[in-house]
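User: Hi! Could you walk me through this model?
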Amino acid sequence: MTKEKKVILCVLALAVVIAAVVLYLVFGVFGVQEKRTYQVSQTVSTNVSTGKTVLDDTVTYQSMNGFGASACWWSQDVGDWENTDEIMSYLYDSEKGIGLNIYRYNLGAGSKGDEHITLENRGAECFLQSDGTYDFSKDAAAQKCLASAKKFAGDDLRLTLFCNSAPVSMTKNGAGYCSAVSDKDAPYESNLDKSNYAPFADFCYNSAEYFINQGYRVTDVSPINEPQYDWRAWFNDDGTYSAKQEGCYYSKYEATELYNAMVDKFDGSQLDSKGCKVSMFECAEAAGEGSTSAAYLDCIIGKGPKYAFKNKKLRSYFDTVSTHSYWSSTQTKEQTAEYLADKYSAYDVVCTEYCQMQNDENSGVYDLISKEANGTNGMTAEYGVAMAKVIIDDLTILNAKEWDWWTACSYGVYTDGLIYINADNHSDIQISKRLWCLGNFSRFIDEGATRIACSSGLESLPSCAFINPDNSTVVVYVNNTQQDETTALECENDYSVYTTSDKYDLEKTDEGKAGEIKVSVPAMSVVTVIYK
């Protein structure tokens, strides 16, 4: 073979290798981003200032998991009360209550009895004991609340198991929170060593397996909650330290490595075959390009060269992005939606936590809270309607397929409860308007419902519409103004109208035969119309 031929063959071989590498990078690592786009309904988008509701069922969006709330910090008490079922019926009964179908169960880290946690009920028992054995008789009262919820909601109840911290037997400091530091500017440090990532995955798996064997439908295991916060205890003036709750910081790289361990445990497992998956980290707020939230997402499932070789497995495993609805304005959510559509449109969005933080200027009730010198529980319609506007935004801007409130029951004075309970008087049950406003969605929009294009014909009347698996149509209107509104709606069959306002608590306020109806939406109200 001549020298020239050898050179040509070497060049061709090199070209083949380079082409193979390029193809692998493009298709095997970075992948070809097939963007999911939603249609635009011209009939809906042009329906402006008409005072007539327009629905377009040819333009569809997300399919719903449903609506839920967290059992954190109260179920370990309420499960031992004589009126457990009464309280749970408000949440999970679709006749007396609001018909939630998602239950978020806190897999405690074992901080119960930790004297450094300032509120006793924020400590939690752990199934994993210090000797490495499991005791599933622990957290018995919380399990009773779960059983009560299932009794009302039925076997299709979706159960999410979430962790604020790994078990204390695994953490670096033996606590369910990160250690206090003297220098407040010190770099954040995780409380879980990498050597315990696989054991933590085992804990999550074994806990999920227990609940499945108990007959529960465990759909999600969420091991990381708001990882971008430091979750540190703090030093008091006398040199002691205190902490608010269980929690753990993870850098984006640590979160990615932990998720690889979790996916190794769950993917292809027996639990996987039963519909139980690991959830994406629960980000504290919906935020777009350049945010901390985006940085974590890019590291965990991004296709850029910095992360692509490390997270290919995660990109193919996850199918949802989880976010909390705190701090985010309508504009911020629009930016988030644009960012997700550009980079991660193949992933569905679930909004897994929200309450009306008293320092959240985007809550819609910040000014009301600021006027309360001694704090408030926000029991009135203004608070419920403001929450409903957040739900509408999350469903229509982010296309969220799930929406969960934070803690379903609460003690004391704070705008974080749907129901307020009293440890000293169990019959003292106070129901907020938030509960009933959430019910305008949760009682009528079923799992598997598909959102369709919708416009109320009034800028002041945000709305959303769904078609349920039984082919019923649900339209929800939110009037967050001081003026009564009316919109016309063509109902294809007999209809019913349910209203939550100062006057009504998710009560039927109208019903009738098929045809065009005038839907009255009072000031500060949420109104649902449903027809078969």
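Analyst: Happy to. A word on naming before we start: helices (H or I, at least four residues) and strands (E, at least two) are DSSP runs, numbered from the N terminus. By that numbering, Lys 401 sits in strand E12, residues 400–407. Keep in mind that this is a predicted model.

User: Is Lys 401 buried or exposed?
Analyst: Lys 401 counts as buried, because its relative accessibility is 15% and the cut-off for buried is under 20%.

User: What does Lys 401 touch?
Analyst: Leaving out residues up to four places away in sequence, Lys 401 touches Gln 62, Ser 63, Met 64, Asn 65, Gly 66, Asp 348, Val 349 and Val 350. Val 350 is 51 residues from Lys 401 in sequence, yet their C-alpha atoms are 5.5 Å apart.

User: And what about Asn 399, which loop is that in?
Analyst: Asn 399 is in the loop between H13 and E12. Its phi is near 55 degrees, a positive value in a residue other than glycine. Most residues other than glycine have a negative phi. Asn 399 also counts as buried, at 14% relative accessibility.

User: Switching to helices: at what angle do H13 and H14 pack?
Analyst: Helix H13 (residues 381–396) and helix H14 (residues 433–442) pack at about 35 degrees, their axes 7 Å apart. The crossing is right-handed.

User: Which residues make that contact?
Analyst: From H13 they are Ala 381, Tyr 383, Gly 384, Val 385, Met 387, Ala 388, Ile 391, Ile 392 and Leu 395. H14 brings Lys 433, Arg 434, Cys 437, Leu 438 and Phe 441. By type, the contact of H13 with H14 has 11 nonpolar, 1 polar and 2 charged residues.

User: How many residues of H14 are buried?
Analyst: 10 of the 10, so H14 is largely enclosed by the rest of the structure. The buried residues include Lys 433, Arg 434, Trp 436 and Asn 440.

User: New topic. How many salt bridges are there?
Analyst: The count comes to 22 salt bridges. One of them joins the side chains of Asp 298 and Lys 343, at 3.1 Å from N to O. That pair links distant parts of the chain, with Asp 298 in helix H9 (residues 292–301) and Lys 343 in helix H11 (residues 330–343), 45 residues apart. Asp 298 is buried, with a relative accessible area of 15%, whereas Lys 343 is partly exposed at 28%.

User: What does Lys 513 pair with?
Analyst: Lys 513 forms a salt bridge with Asp 494, and the closest N and O atoms are 3.7 Å apart. Lys 513 is in the loop between strands E21 and E22 and Asp 494 in the loop between strands E19 and E20, so the pair ties together parts 19 residues apart in sequence. Lys 513 is exposed, with a relative accessible area of 64%.

Key: Residues are numbered from 1 along each chain as its sequence is written. This is a predicted model: local features need pLDDT of at least 70, side-chain atom pairs count only at pLDDT 80 or more; totals for chains, interfaces and linings use all residues. Side-chain values use heavy atoms; hydrogens and water are left out. Axes are lines fitted to C-alpha atoms, for helices over the stretch in contact, and angles run from 0 to 180 degrees between N-to-C directions. A crossing is left-handed if the near helix is turned anticlockwise from the far one by less than a right angle, and right-handed if clockwise. Contact means heavy atoms within 4.5 Å. Ala, Val, Leu, Ile, Met, Phe, Trp, Tyr, Cys and Pro count as nonpolar, Asp, Glu, Lys and Arg as charged, and the others, Gly among them, as polar. Buried means under 20% relative accessible area, exposed over 50%, partly exposed in between (1.4 Å probe, protein chains only). A salt bridge is a side-chain nitrogen of Lys or Arg within 4 Å of a carboxyl oxygen of Asp or Glu.
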